[in-house]
Amino acid sequence: MYSKSKRYFEIWWQGIKSLPQKTSIHGFRFIADPKRHWIERLFWLIFVAMSWYGSILLIIAQYRAFQNSPISFVVETTYKDWNTQFPSIAVCEQDNSVRIGAVSDGLWGSDHDFNMEEVLKEIAFFKGVTYYVSEVCQGEDSAEECFKSNLTYYANLVRSDCNDVMANCSWNQKSFDCCRYFRPVETEIGPCFIINTIQGGEEVPILKMHSNRATGPGRIQFDVMLPVSVYVLNEEDVPSLSYLGSEIMNVGLETHYRRYITVKNIENDATARMITPEKRRCRYSDENNLQVYPYYSYSACTVQCRKDAQMRLCNCSNFFMPNTPEDEKCDLNGIICLNDKVNHLSVLRARWSNHPGLFCDCLPSCTEAELTIVKDFIKPTGLNYATVEIQLSVLPSERYRRNVVRGVLDLVVSTGGTGGLFLGVSILSVLELLYTLLLRPFFDIYSQRNEDPWHKKYGNRRIEDSKFKFKKNTNKLIMKKRLKQKM
């Protein structure tokens with residue numbers, strides 16, 4: 001065993017000594033050549049060391065640039081050929097006093113405590129605050145009428161169907177069936193009706209709402225029969241508690257609401273998917289890591305973040321929370337706990353902020369457009385319903401584009417170019433170096449080991465055969481000489 005390891009080391013050391021003369025990496029053969037003057041060898045040693053040092057610094061800088069800034073944004077202005085997709089519109093019921101009164105009469109009789117109507121309203125339109133529930137249904141003096149569990153059932157008794165909420169929908173003055181395209185979607189503020197959302201499932205019909213130079217700025221209009229909140233969203237977004245009040249249209253009856261908006265879409269380089277979400281600083285909708293919705297978006301991520309915080313603080317989540325098992329939904333005591341933590345759960349804060357709030361490490365969507373509110377107009381009508389009109393103020397003349405400036409291929413090319421410029425190195429040079437240091441000693445020992453047994457097995461036989469043949473031929477010559485002499 002010792003002789004084999006010693007033999008391997010000798011062969012490996014011979015390869016090391018011959019490597020500078022055989023390698024294709026520039027400079028080493030001049031350093032290792034003993035026939036050259038020591039000044040010349042020192043000259044080559046200094047410049048080879050400087051080349052290696054400089055190439056290492058450049059490769060490290062290229063790798064850091066690849067890690068930190070692989071994406072760049074540019075603005076495109078070739079707007080003449082664009083088809084701009086109109087945003088999704090979400091309509092969420094926020095009050096229904098008539099239905100609340102009717103359900104209360106059915107549950108507790110006509111002579112019930114009217115505070116229970118406020119309790120029912122807070123549950124049916126729960127947004128994290130339960131003033132009446134905490135006052136009426138908490139403690140030893142709680143009302144007997146208070147229901148302790150199955151809150152989703154009582155909330156759905158109050159919530160209205162699409163046909164009771166909306167009517168007279170049109171796109172660019174062309175009517176369409178409201179409830180065919182405005183589909184119910186579960187949200188953390190209750191069921192909402194959303195048009196052209198990808199969160200509603202694959203079977204949801206899509207209404208083509210494109211705007212271009214031929215159609216002009218798009219406009220959608222519909223009537224609502226109840227007080228609602230209207231959200232203007234990207235197709236992957238959902239209504240949530242994270243939206244600012246200025247972004248939400250709180251629509252009451254007997255009013256005409258008109259909102260003008262602008263849209264700036266984002267186009268992505270095809271190779272952007274090769275960059276990890278953490279490096280490109282965004283996620284595509286199909287790169288979903290959430291439980292509450294089938295597709296990723298920033299608003300859906302905040303909903304997941306709020307659910308996790310609710311489970312952590314109160315051991316249950318909002319009973320409206322999408323895709324949540326029944327055993328995880330809050331009962332009466334659970335929503336009172338959520339009310340006590342409302343300052344922490346309802347407000348988002350930055351990582352560095354010390355203010356009360358919820359920090360959510362959520363990336364934006366890679367495809368979400370920039371939606372801007374230009375102007376709102378509100379006009380009383382005196383009618384028993386409200387009209388909502390949302391229109392593009394102008395066709396977009398700009399859009400953003402996300403380009404990959406430092407992809408994996410760029411990193412490989414720049415690293416190879418640096419190695420070739422400073423060192424004359426290629427992949428074959430590195431492979432040759434690894435072969436000489438690691439593989440060649442094994443091959444040499446293996447070849448020698450195969451030769452020895454063959455020699456031991458057949459070498460002596462060959463010598464004996466040659467001796468026999470020599471002796472036989474010698475005898476033949478002697479016999480021939482004797483025969484000639486006799487003759």
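Predicted model: local features only at pLDDT ≥ 70, side-chain atom pairs only at ≥ 80, totals over all residues.
Figure 1. Strand E16 spans residues 399-404 and runs antiparallel to E1, to which 6 bridges join it. The two strands belong to an open sheet of 3 strands with the order E1-E16-E13, in which the pairing is mixed. Its edges are formed by strand E1 (71-76) and strand E13 (266-268), each of which pairs on one side only. On average, neighbouring strands of this sheet are turned by 25° against each other, direction ignored.

**Figure 2. The pairing of E6 with E7 in a five-stranded sheet.** The open sheet shown here has 5 strands in the order E6-E7-E3-E10-E11, with antiparallel pairing. Strand E6 (182-185) and strand E11 (249-251) are the edge strands, each pairing on one side only. From one strand to the next, the twist averages 25°. Strand E7 covers residues 192-195 and is joined to E6 in the antiparallel sense by 4 bridges. Arginine 183 has isoleucine 194, in E7, as its bridge partner. Strands of a sheet pair through backbone hydrogen bonds, and the sense may be parallel or antiparallel.

**Figure 3. An edge-to-face ring pair formed by phenylalanine 176 and tyrosine 181.** A pair of aromatic rings is described by the distance of the centres and the angle of the planes. The model contains 12 aromatic pairs. In one of them, the ring centres of phenylalanine 176 and tyrosine 181 are 5.7 Å apart and the planes meet at 85°; the pair is therefore edge-to-face, since planes over 60 degrees apart are classed in that way. Phenylalanine 176 has a relative accessibility of 12% and so counts as buried. Tyrosine 181 is likewise buried, its relative accessible area being 12%.

**Figure 4. An aromatic cluster and two arginine–tyrosine arrangements.** Trp108, Phe147, Tyr153 and Tyr154 are linked into a cluster by ring pairs. Elsewhere, arginine side chains lie over tyrosine rings: arginine 273 is placed over the face of tyrosine 284, at 4.0 Å from the ring centre. Arginine 283 lies over the face of tyrosine 296, and here the value from the ring centre is 5.7 Å.

Figure 5. Threonine 255 belongs to strand E12, which comprises residues 255-264. Its relative accessibility of 12% makes threonine 255 a buried residue, because the limit for burial is under 20%. The threonine 255 side chain reaches the backbone oxygen of leucine 253 at 3.0 Å. Lysine 379 is located in strand E14 (residues 370-380) and, at 53% relative accessibility, counts as exposed. Lysine 379 and tyrosine 257 are 122 residues apart along the chain, yet their C-alpha atoms are separated by 6.7 Å.

Figure 6. Tryptophan 171 is part of strand E4, residues 166-171. With a relative accessible area of 9%, tryptophan 171 is buried. Its C-alpha atom lies 10.0 Å from that of glutamate 389, a residue 218 positions away in sequence. Asparagine 172 occupies the loop between E4 and strand E5 (174-176). A phi near 50° is found for asparagine 172, which is a positive value in a residue other than glycine. The relative accessible area of asparagine 172 is 26%, so this residue is partly exposed.

**Figure 7. Asparagine 150 in the loop between two helices.** Helix H6 (131-136) and helix H7 (151-158) are the elements between which the loop holding asparagine 150 lies. Most residues other than glycine have a negative phi. Asparagine 150 has a positive phi, near 55°. Its relative accessible area is 47%, and asparagine 150 is accordingly partly exposed.

Figure 8. The unreviewed UniProt entry places the feature "transmembrane region" at residues 42-63 and 419-439. In the model, the chain over residues 42-63 is 100% helix and 0% strand. The end C-alpha atoms of residues 42-63 are 32 Å apart.

Conventions. Residues numbered from 1 in each chain as written. Heavy atoms only, no water. UniProt positions renumbered as here; feature names shortened; annotations may be inferred. Phe/Tyr/Trp six-rings, centres within 6.5 Å; stacked < 30°, edge-to-face > 60°. Buried < 20%, exposed > 50% of the residue type's maximum accessible area, 1.4 Å probe, protein only. Lys NZ or Arg CZ within 6 Å of the ring centre and 35° of its normal. Pairing = 2+ DSSP bridges. Axes fitted to C-alpha atoms, helices over the stretch in contact; angles between N-to-C directions. Polar contact = N/O pair within 3.5 Å; in protein donor to acceptor, adjacent residues only side chain to side chain.
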